[in-house]
Amino acid sequence: MMMQGIRKASQGLLGKLVISVLFGVLILAFAIWGVGDIFRGYGRNEVARVGKTEISIEQMRTAYQNDLQNLIRQQRRQISPETARALGLDRQVLSRLVSEATLDQTAKNLHLAVSDDTIRNLIFDDPVFRDASGQFSAARFNELLRSNGYSEQSYVALQRATILRQQIAEMISGGFTVPVALQEIGNRLRNEKRTVTFARMPASAAGEIAAPTEDQLKAFYNERKIAFRAPEYRTASVLAITAEAVADPAKVTDDEAKARYEALKAQRFTTAETRTVEQIPFPNAEEAQAAKAKIDGGETFDEIATERNVAFKDLTLGTFTREQIFDPAVREAAFALEEGAVSAPVQSAFGTVLLRVTKVDSQHVRPYEEVAEEVKKEIAAGRASSRITELHDKIEDERASAKPLAEIAKQFNLELRVVGPMSQGMTKPDGAQEAALPGGDATLRAIFASDIGVDNEAIRLPQNAGYVWFDIAKIDPSRDRSFDEVKGEVATQWRADETANKLSAKARELVQRLDKGEAFATVATSSGLTMETAAGIGRQEQRTDLPANVVTQVFGTVAGKANSAAGADGGRILFKVDSATVPPYVRTTQEADNFVRLLSANLSEGLLLQYVAERQAKLGVSINDAAFRNATGGVQN
């Protein structure tokens, strides 16, 4: 944006931090204090007030529309107000404005000011406002401001506020440096490597688990009743119009399909001829001609290659279509040969060669009869786009008249699907999985965010692939299930817990033996386990041999000591940390410099964020819910 170019104050490291924090990270300040707790209804023209600084409806509306247009340009597609609100854009803009107002009010309280000379020099020195000769151009200055919606007064005011905010940021974190001790800790966290010896303990290593009594199961159930609680289940009617559902290949005639086939035959249904080509290079045409004469006299191509010390693996040039051979001479010679034949000497771009074609795969054209159904489906799907738009409008008209989805589906000869009862995890009461929904997660979230009797908006599928409507038919609230209902689940969980406890106890015994000095091989063999090793393990590494939780436990164990962690399929992994090595921390490397920059930025962000949150708490923040919705086009309740 132009503003980023014309704010000279934002060019330094701290300036960039201010811009990114104030207009990005600081929106998290509301998360700390809770936006919902400070919404109030009062004056019509104020969206928010921070201390004595107010944020007007027009200020909020302008900022919101600017951010929405920026988002549309970034996404390169239209974004509806509903989608923008679902993304939280309105709250982000409000949070940013409140953070700015917090710093502005703080600047007033601290009696901070920026002189007119400072602003004037900032503008005159900005290269964005210079003409071809490098001099400040008043005409260009006014033109750029006008095209970006600023008057001279509003731009100067914005510059003044930005500089004051930066001054506050400098007071809070401008002199911050990362201590060397902290840098060395960071080096250890990033670069430490460990070597371990380990063994996998399967669930069977826990030994025999006796069958539980009824009283044991009931006690287990009563202690964990909430874990066996039935989730909320919902049943809904779903009507979807997609290209697949609307398209009717039967209405595509053979003449139409054949015309499409002929248009696409060369690109889609024709496999070009390919040839596998071998070559022997020669330093000159004379030697190549002599070798060709030998081949004509009875010697083989392979024998000539052997004579010239050309390895078998170096003979093959490759398998190509005609277009894939870039050298014209080689291309024409190779595609003029019969399979198995050897060419006359060819002057290629890289010297004289003899060519042999070892395999020819002829061009193949899939006949119309083989692809007719595929072509008709494509034509039908292409026509479905306009049909989807037409159906959408008709269905919306019927929905406006409060007609049920079942009647609408019957009226337009569309399939109505009843889904559920299902949980948010798409699980049915009997444990079966509900089939995938049209629209996927978006439809599932909408179903669980709605209620019975609500007129739900249609869900638009990605890439304009169609629409999904739904009505909630039934809601079965979450409830406690009786012991008899879940007895089987209780028994399964009881056994899993007993196995885990016994396995953990067994692992503790083995860890104690290892820590007393017994060799890992001895301990593993006595327990029927197989010893393995893993070297060069990094703290953040993703490994196939050790799960992430085991790696975390490895780095939480002192070198030379043993431990265990949960493994896959209910087992555990017994391990001993053999060594832990950390490379020396060299402060002059590029890696160290990058780390210090990143850590400084993160810590400075944290300091500034805490300061702004504390200032908001002291100044007081009030939000006018009605004015906020008015400014962003939200629905009034």
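Strand S5 (residues 233-242) pairs with strand S14 (residues 466-476) in the antiparallel sense, and ten bridges join the two. The model is a predicted one. S5 also pairs with strand S12 (residues 416-422), again running antiparallel, over five bridges. Here Val238 has Arg417 of S12 as its bridge partner.

How many of the ten residues of S5 are buried? Ten of the ten are, so the strand is largely enclosed by the rest of the structure. The burial applies to both faces of S5. One side carries Tyr233, Thr235, Ser237, Leu239 and Ile241, and the other carries Arg234, Ala236, Val238, Ala240 and Thr242.

Another part of the structure is an open sheet of four strands in the order S15-S4-S17-S16, with antiparallel pairing. Its edges are strand S15 (531-538) and strand S16 (562-566), each of which pairs on one side only. From one strand to the next, the twist averages 30°. Strand S4 (residues 193-201) and strand S17 (residues 572-581) are joined by nine bridges in the antiparallel sense. In that pairing, Arg194 is opposite Ala580 of S17. Helix H21 packs on the sheet and touches S4, S16 and S17. The direction of H21 makes about 35° with that of S17.

| Strands | Bridges | Sense |
|---|---|---|
| S5 and S14 | ten bridges | antiparallel |
| S5 and S12 | five bridges | antiparallel |
| S4 and S17 | nine bridges | antiparallel |

**Two crossing helices**

Helix H6 (residues 89-109) and helix H9 (residues 152-173) have axes that come within 9 Å and cross at roughly 80°. The two helices are therefore roughly perpendicular to each other. Which residues make the contact? From H6 they are Glu100, Leu103, Asp104, Thr106 and Ala107, and from H9 they are Ala161, Leu164, Arg165 and Ile168. Sorted by class, the contact has five nonpolar, one polar and three charged residues.

**Aromatic pairs**

Across the whole structure, a search finds ten aromatic pairs. A pair of aromatic rings is described by the distance of the centres and the angle of the planes. One of the pairs is formed by Tyr221 and Phe483, with 5.7 Å centre to centre and 65° between the planes, an edge-to-face arrangement. Tyr221 belongs to helix H11 (residues 214-223), whereas Phe483 sits in the loop between S14 and helix H21 (487-515). The pair links distant parts of the chain, the two residues being 262 residues apart. Tyr221 and Phe483 are both buried.

Tyr261 and Phe269 form a stacked pair, at 5.4 Å centre to centre with 25° between the planes. Are these two residues buried or exposed? Tyr261 is buried, with a relative accessible area of 5%, and Phe269 is buried as well, with a value of 1%.

Elsewhere, one aromatic cluster is made up of Phe124, Phe129, Phe136, Phe141 and Tyr155. Of these, Tyr155 has a number that falls in the range of H9, residues 152-173.

Note on methods
Residues numbered from 1 in each chain as written. Predicted model: local features only at pLDDT ≥ 70, side-chain atom pairs only at ≥ 80, totals over all residues. Heavy atoms only, no water. Axes fitted to C-alpha atoms, helices over the stretch in contact; angles between N-to-C directions. Parallel < 35°, antiparallel > 145°, perpendicular 65-115°, else oblique. Contact = heavy atoms within 4.5 Å. Nonpolar A, V, L, I, M, F, W, Y, C, P; charged D, E, K, R; others polar. Buried < 20%, exposed > 50% of the residue type's maximum accessible area, 1.4 Å probe, protein only. Pairing = 2+ DSSP bridges. Phe/Tyr/Trp six-rings, centres within 6.5 Å; stacked < 30°, edge-to-face > 60°.
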